[in-house]
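Subject: Handover of a structure and its findings

Dear colleague,

Please find below the structure that I am handing over to you. My findings follow directly after it.

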Amino acid sequence: MANVSQKAKKAKRKRIINANECKSDLNQHLKLLFEGFWRAVKYYENEIAFTPFHARGRGMEASYLNSKIIQSMQEVFQGDWKFGKYKRFMLRLNGYIVFFKKLNRKNMPMNIQTRLSSSIQNQEQGKLFDECDNGAEPIIFFGYNKNQFGEIVNPRLVYIDEDKVRFT
């Protein structure tokens, strides 16, 4: 009986995608995504230099880079962005939701696990972000890393489902 109730409670899933489908669907946006990202990095590097390293509070660099990414994406995709619940920035491009995150060595987003982040990484359907969310749009991450010198490197799209990277 417990197994039946657990299956009944299992969340509906978003539309499942593969790498070729994603590339095809987002083809007209890919160049702009990467150009916008590198513009954000340039904004960040130019402006972060005004705050000496010893005067930067915990999390300041990550927050500042995130703000520059938001600024740049708002410029590039003027009508396609919005803030969802908890002021989470997202792009909505051709039936996809795109989040921007720093990634760890396993290409997973660097964040504290919460019920919401788990729902995102499991592609669970539902109104996770705002009242306009139809619940079926797949979620992809535009991710990046920082190397040992603190340089922002390796930008890429990552699709995560069932808590595993399915493609980059």
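I160 has V165 of strand 6 as its bridge partner, and D161 is likewise bridged to K164 in strand 6. Strand 5 (residues 152-161) and strand 6 (residues 164-167) run antiparallel and are joined by three bridges. Two strands are taken to pair if DSSP finds at least two bridges between them. Helices (H or I, at least four residues) and strands (E, at least two) are DSSP runs, numbered from the N terminus. The hairpin of strand 5 and strand 6 has two residues between the strands, and E162 takes a positive phi near 55° there.

Please note that this is a predicted model, in which local features need pLDDT of at least 70 and side-chain atom pairs count only at pLDDT 80 or more, while totals for chains, interfaces and linings use all residues. Residues are numbered from 1 along each chain as its sequence is written, and side-chain values use heavy atoms, with hydrogens and water left out.

Strand 5 also pairs with strand 4 (residues 139-146), in the antiparallel sense and over five bridges. One of the bridged pairs is N145 with V153 of strand 5. Five residues lie between strand 4 and strand 5 in their hairpin, and G150 in the turn has a positive phi of about 85°. Eight of the ten residues of strand 5 are buried, so this strand is largely enclosed by the rest of the structure. Buried means under 20% relative accessible area, exposed over 50%, and partly exposed in between (1.4 Å probe, protein chains only).

Of the 168 residues, 39% count as buried.

The six strands form an open sheet in the order 1-2-3-4-5-6, with mixed pairing. Its edge strands are strand 1 (81-83) and strand 6, each of which pairs on one side only. Neighbouring strands of the sheet are turned by 40° against each other on average, direction ignored.

Two helices lie across this sheet. Helix 2 lies across strand 2 (89-93), strand 3 (96-102), strand 4, strand 5 and strand 6, and runs at about 145° to strand 5. Helix 3 lies across strand 1, strand 2, strand 3, strand 4 and strand 5, at about 30° to strand 2. Axes are lines fitted to C-alpha atoms, for helices over the stretch in contact, and angles run from 0 to 180 degrees between N-to-C directions. Contact means heavy atoms within 4.5 Å.

The axes of helix 2 (residues 19-48) and helix 3 (residues 60-76) come within 8 Å and cross at roughly 135°. The two helices are therefore oblique to each other (angles under 35 degrees count as roughly parallel, over 145 as roughly antiparallel, 65 to 115 as roughly perpendicular and the rest as oblique). Residues making the contact include L33, F37 and Y44 of helix 2 and Y64, I69 and M73 of helix 3.

Finally, I draw your attention to F100 in strand 3. With 9% relative accessibility, F100 counts as buried. Not counting residues up to four places away in sequence, F100 touches L33, I69, M73, F89, L91 and F142. The C-alpha atoms of F100 and G143 are separated by 5.8 Å, although these residues are 43 apart along the chain.

Yours sincerely
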